[in-house]
Amino acid sequence: NFQAVFSDLGQRLSDRPFLGGDTPNVLDIAWFISVHRLTRAGYPLGQHPELARWYGHLGSRPGWLAQVNGGLMDRIGTLLRIWHRLTGKTLNRVLRRASST
């Protein structure tokens, strides 16, 4: 499901810098948080170049990452990396397997 939604968002970003138009708005904030969480969990954002460009652009703005990073998100990311090391499974592999069934 993420792949389909992210493809749709990428198409929306193909002719504008932000999801709502020329300036960031609440839509960008909400999706940035979701995209950030998924990338921290290992989602392969590179499959969606327009979305990756948007994410990098917003993430480089002062204060954006500071608002979504922090204790809980860092701990979740650490736990997912440990899970990957212990099981050899990545979110990308789990998503591919789920989409093929």
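Phe6, Leu9, Gly10 and Leu13 of α1 meet Glu50, Leu51, Arg53 and Trp54 of α3. By class, this contact of α1 with α3 holds 5 nonpolar, 1 polar and 2 charged residues. Helix α3 covers residues 49–59, and its axis lies 7 Å from that of α1. The angle between the two is about 70°. Angles of 65 to 115 degrees count as roughly perpendicular, and α1 and α3 are therefore roughly perpendicular to each other.

The model is predicted. The protein has 6 helices and 0 strands. Read from the N terminus, its elements run α-α-α-α-α-α. Of its 101 residues, 26% are buried. The accessible surface comes to about 6,400 Å². Carbon and sulfur atoms account for 58% of that surface. Contacts across the sequence are also on record here: among contacts with a separation of 6 or more, 66% join residues 24 or more positions apart.

| Pair | Axis distance | Crossing angle |
|---|---|---|
| α1 and α2 | within 13 Å | roughly 135° |
| α1 and α3 | 7 Å | about 70° |
| α2 and α3 | within 11 Å | roughly 105° |

Take α1 and α2. Helix α1 spans residues 2–13, and helix α2 spans residues 26–40. Their axes come within 13 Å and cross at roughly 135°. That makes α1 oblique to α2. The crossing is left-handed. On the α1 side, the contact is made by Phe2, Val5, Phe6, Leu9 and Arg12. On the α2 side, Leu27, Trp31, Val35 and Leu38 take part. The residues of this contact are 8 nonpolar, no polar and 1 charged.

Next come α2 and α3. Their axes cross at roughly 105° and come within 11 Å. That makes α2 roughly perpendicular to α3. Helix α2 contributes Asp28, Trp31, Phe32, Val35, His36 and Thr39. Helix α3 contributes Leu51, Trp54, Tyr55, Leu58 and Gly59. This contact of α2 with α3 divides into 7 nonpolar, 3 polar and 1 charged residues.

### Leu9 in α1

Leu9 lies in helix α1. Its relative accessible area is 9%. Buried means under 20%, so Leu9 is buried. Leaving aside neighbours within four places in sequence, Leu9 contacts Leu19, Trp31 and Leu51. Leu9 is among the α1 residues that meet α3, and Leu9 also takes part in the contact with α2. The C-alpha atoms of Leu9 and His48 are 8.9 Å apart. Along the chain, Leu9 and His48 are separated by 39 residues.

### Trp31 in α2

Trp31 is found in helix α2. Trp31 counts as partly exposed, because its relative accessibility is 25%. Beyond residues up to four places away in sequence, Trp31 touches Val5, Phe6, Leu9, Leu19 and Trp54. Trp31 belongs to the contact of α2 with α1. Trp31 also belongs to the contact of α2 with α3. The C-alpha atoms of Trp31 and Tyr55 are separated by 9.3 Å. These two residues are 24 apart along the chain.

Methods
Residues numbered from 1 in each chain as written. Predicted model: local features only at pLDDT ≥ 70, side-chain atom pairs only at ≥ 80, totals over all residues. Heavy atoms only, no water. Axes fitted to C-alpha atoms, helices over the stretch in contact; angles between N-to-C directions. Helix = DSSP H or I, 4+ residues; strand = E, 2+ residues; numbered from the N terminus. Parallel < 35°, antiparallel > 145°, perpendicular 65-115°, else oblique. Left-handed = near helix turned anticlockwise from the far one by under 90°. Contact = heavy atoms within 4.5 Å. Nonpolar A, V, L, I, M, F, W, Y, C, P; charged D, E, K, R; others polar. Buried < 20%, exposed > 50% of the residue type's maximum accessible area, 1.4 Å probe, protein only. Areas by Shrake-Rupley, 256 points an atom, 1.4 Å probe, with all protein chains shown as cover.
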